[in-house]
Amino acid sequence: MFRLWAKIFKDNKMIKDMVVSNDNPDLRRTQKIFAAIDDICRAFDLSKPIWLDSNIADFKRYDKTRFRQDNFIETIGFDYLEIQVIEED
């Protein structure tokens, strides 16, 4: 089972969160992450964030990253979206 936790923060307070699960053994880890981000963006009504080099480095190192205004084309009404892997096969 693969689970990704997404949290939206504004003024140092979590205002929304959700957990996305994926138990498809045919998908690679990267595919599971991108599928989870699609589900998160759909649920939170967001455009897909752009992965910058800093996001990739943080995610590789900590299984966690934050997407700020620089990662979105549209204006966002919060400080950042944080994603974190909480369970992995």
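Tutor: The side chain of Q31 reaches the backbone nitrogen of R28 at 2.8 Å. This is a predicted model, in which local features need pLDDT of at least 70 and side-chain atom pairs count only at pLDDT 80 or more, while totals for chains, interfaces and linings use all residues. Residues are numbered from 1 along each chain as its sequence is written, and side-chain values use heavy atoms, with hydrogens and water left out.

Student: What makes the approach of Q31 to R28 a polar contact?
Tutor: A polar contact is a pair of N or O atoms within 3.5 Å; within protein, one must be able to donate a hydrogen and the other to accept it, and residues adjacent in sequence count only if both atoms are side-chain atoms. The distance from the side chain of Q31 to the backbone nitrogen of R28 is 2.8 Å, so it falls within the 3.5 Å limit.

Student: Why is Q31 called partly exposed?
Tutor: Buried means under 20% relative accessible area, exposed over 50%, and partly exposed in between, with a 1.4 Å probe and protein chains only. Q31 has a relative accessible area of 33%, so it is partly exposed. Its place is in helix α1.

Student: How do you know that the span of α1 is close to the expected one?
Tutor: The expected span of a helix is 1.5 Å times one less than its number of residues. Helix α1 covers residues 29-44, which is 16 residues, and reaches 22 Å from its first C-alpha to its last; the expected value is also 22 Å.

Student: Why are the buried residues of α1 said to line one face?
Tutor: The buried residues are K32, I33, A36, I37, I40, C41 and F44. Seen down the helix axis, they fall within an arc of 170°, so they line one face of α1. The arc is that of the directions from the helix axis to the C-beta atoms.

Student: What do these buried residues pack against?
Tutor: They pack against β1 (2-10), β2 (13-22), α2 (53-62) and β4 (80-87). Contact means heavy atoms within 4.5 Å. I40, for example, touches L4, A6, M18, V20, L81 and I83, not counting residues up to four places away in sequence.

Student: What makes a group of residues a nonpolar core, and which members touch the most others?
Tutor: A nonpolar core is a set of buried Ala, Val, Leu, Ile, Met, Phe, Trp, Tyr and Cys residues joined through side-chain atoms within 4.5 Å. The largest one has 20 residues, of which L4, I40, F44, L46, F78, L81 and I83 touch the most other members. The elements that give two or more residues to this core are β1, α1 and β4. Helix α1 gives the most, with six residues.

Student: Why are N55 and N71 both called buried?
Tutor: N55 has 2% relative accessibility, so it counts as buried. N71, with a relative accessible area of 3%, is buried as well. N55 is in helix α2, whereas N71 is in the loop between β3 (64-67) and β4.

Student: Which polar contacts does the side chain of N71 make?
Tutor: A polar contact of 2.7 Å joins the side chains of N71 and N55.

Student: How do you know that the radius of gyration agrees with a compact globule?
Tutor: The radius of gyration is taken over C-alpha atoms, and the globule rule is 2.2 Å times the number of residues to the power 0.38. With 89 residues, a compact globule would have a value near 12 Å; the protein has 13 Å, which agrees.

Methods
Helix = DSSP H or I, 4+ residues; strand = E, 2+ residues; numbered from the N terminus.
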